[in-house]
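Reader: I'm new to this one. Can you walk me through it?

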Amino acid sequence: MRRLFFILACGISATAAAQHISPAVDLAQEARAAQAAHVPLLVFYSQPGCSYCERARRDYLEPMIADPTARDRQRVVEVDVTSGAPLTDFVGRKTTQAKFSGSNHVRVVPTIAFVGARGEALADPLVGLALPDFYPAYLERRIDQSRRKLARALTSRRPGRARPATGGG
C-alpha cells in the first residue's frame with residue numbers, strides 16, 4: 001500500500017511540475033541564450049488542432065524540459081505555423097510566426113529544427129511523428145548530434161590551442 005501511494009504521489013508531482021514550451025518571440029535572443037549555455041535551440045513547429053503536435057509536446061518535449069537531468073541539454077521554443085503573432089527572426093528581422101515557418105519551408109507539423117546561434121542547422125530536422133515508438137530515440141540522437149557539433153565549434157575557436165612542433169633540425 002505504501003508503495004502504491006509513493007507511485008501515485010510521484011505521478012501527481014510530475015504532473016504538477018509539468019513545464020510548458022515557450023512560444024517563440026525573439027529567436028535571435030533565444031539563440032544567443034542557447035549559445036551562452038552551449039546548447040542547441042530546438043524550434044518546435046506546430047499548429048492548433050494537430051494531434052501529432054500535441055502528442056510530441058505532451059509526451060516528449062514537455063517531459064524533457066521538466067526533467068532536471070535533461071532540461072539543461074537544450075532550449076526549446078514553439079512556433080505556430082498558422083499564427084500571425086509577431087516574431088523576430090535569427091538576424092533580428094520582424095516577421096510573423098506563419099511567415100517565418102513558410103520562409104523556412106516547414107510543410108509538415110510537427111517539425112523540430114535543431115539550430116545554432118545564427119539559426120544554422122545542427123542536425124536534420126525531425127519531421128512528423130509517424131513512428132511514436134522510435135520518436136524519443138530520434139529526438140535524443142539529434143540533440144546529441146547538435147551538442148557534439150556545438151562542442152566541436154567551441155573547441156576549434158579557443159585560442160592558445162597550439163599544436164606541438166614536429167621534427168626539424
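Author: Start with the rings. This is a predicted model, and in this model Y45, F90 and F100 form one aromatic cluster.

Reader: How many aromatic pairs are there?

Author: The count comes to four aromatic pairs. Take Y45 and F100: their ring centres are 6.4 Å apart and their planes sit at 15 degrees, so the pair is stacked.

Reader: Where do Y45 and F100 sit in the chain?

Author: In distant parts. Y45 is in strand β2 and F100 is in helix α4, 55 residues apart.

Reader: Are Y45 and F100 buried or exposed?

Author: Y45 is buried, at a relative accessible area of 4%. F100 is buried as well, at 6%.

Reader: What about Y60 and Y135, stacked or tilted?

Author: Tilted. Their ring centres lie 4.9 Å apart, with the planes at 40 degrees. The pair also links distant parts of the chain: Y60 belongs to helix α3, Y135 to helix α5, and 75 residues separate them. Both are buried.

Reader: New topic. Which residues touch the most others in the largest nonpolar core?

Author: That core has 38 residues. L27, L41, V43, Y45, I112 and L139 touch the most other members.

Reader: Which elements give two or more residues to this core?

Author: The helices are α2 (27-36), α3 (51-66) and α5 (135-157). The strands are β2 (41-46), β3 (75-80), β6 (111-115) and β7 (121-127).

Reader: Which one gives the largest share?

Author: Helix α3, with six residues.

Reader: Pick V43. What does V43 touch?

Author: Leaving out residues up to four places away in sequence, V43 touches L27, V77, V79, F90, T111, I112, A113 and V115. One of those, F90, belongs to the aromatic cluster with Y45 and F100.

Reader: L27 keeps coming up. Which residues of α2 are buried?

Author: L27, A28, E30, A31 and A34. They cover an arc of only 160 degrees around the axis, so they lie on the same side of α2.

Reader: Why would residues spaced like that point the same way?

Author: An α-helix has 3.6 residues a turn, so residues three or four places apart point the same way.

Reader: What do the buried residues of α2 pack against?

Author: Strands β2, β3 and β4 (86-88), plus helix α4 (97-103).

Reader: What happens at the start of α2?

Author: D26 is there. One of its side-chain oxygens comes to within 3.1 Å of the backbone nitrogen of A28.

Reader: And just after α2?

Author: H38 takes a positive phi of about 60 degrees. H38 is in the loop between α2 and β2.

Reader: Why point that out?

Author: Most residues other than glycine have a negative phi. H38 has a positive phi and is a residue other than glycine.

Reader: How exposed is H38?

Author: Partly exposed, at 47% relative accessibility.

Reader: Where is P110?

Author: In the loop between α4 and β6. The peptide bond from V109 to P110 is cis, with omega near 0 degrees.

Reader: Which form do most peptide bonds take, cis or trans?

Author: Most peptide bonds are trans.

Reader: Which residue does the T88 side chain have a polar contact with?

Author: K94. A polar contact of 3.1 Å joins the two side chains.

Reader: What else does T88 touch?

Author: Not counting residues up to four places away in sequence, T88 touches V25, D26, L27, A28, R93 and K94. Among them, L27 and A28 are buried residues of α2.

Reader: Last one. How many disulfides are there?

Author: Zero, in a search of the whole structure.

Reader: And C50 and C53, buried or exposed?

Author: Buried. C50 has a relative accessible area of 12%, and C53 has 0%.

Conventions. Residues numbered from 1 in each chain as written. Predicted model: local features only at pLDDT ≥ 70, side-chain atom pairs only at ≥ 80, totals over all residues. Heavy atoms only, no water. Core = buried A, V, L, I, M, F, W, Y, C linked by side-chain atoms within 4.5 Å. Buried < 20%, exposed > 50% of the residue type's maximum accessible area, 1.4 Å probe, protein only. Helix = DSSP H or I, 4+ residues; strand = E, 2+ residues; numbered from the N terminus. Contact = heavy atoms within 4.5 Å. Disulfide = S-S within 2.5 Å. Arc of directions from axis to C-beta. Polar contact = N/O pair within 3.5 Å; in protein donor to acceptor, adjacent residues only side chain to side chain. Phe/Tyr/Trp six-rings, centres within 6.5 Å; stacked < 30°, edge-to-face > 60°.
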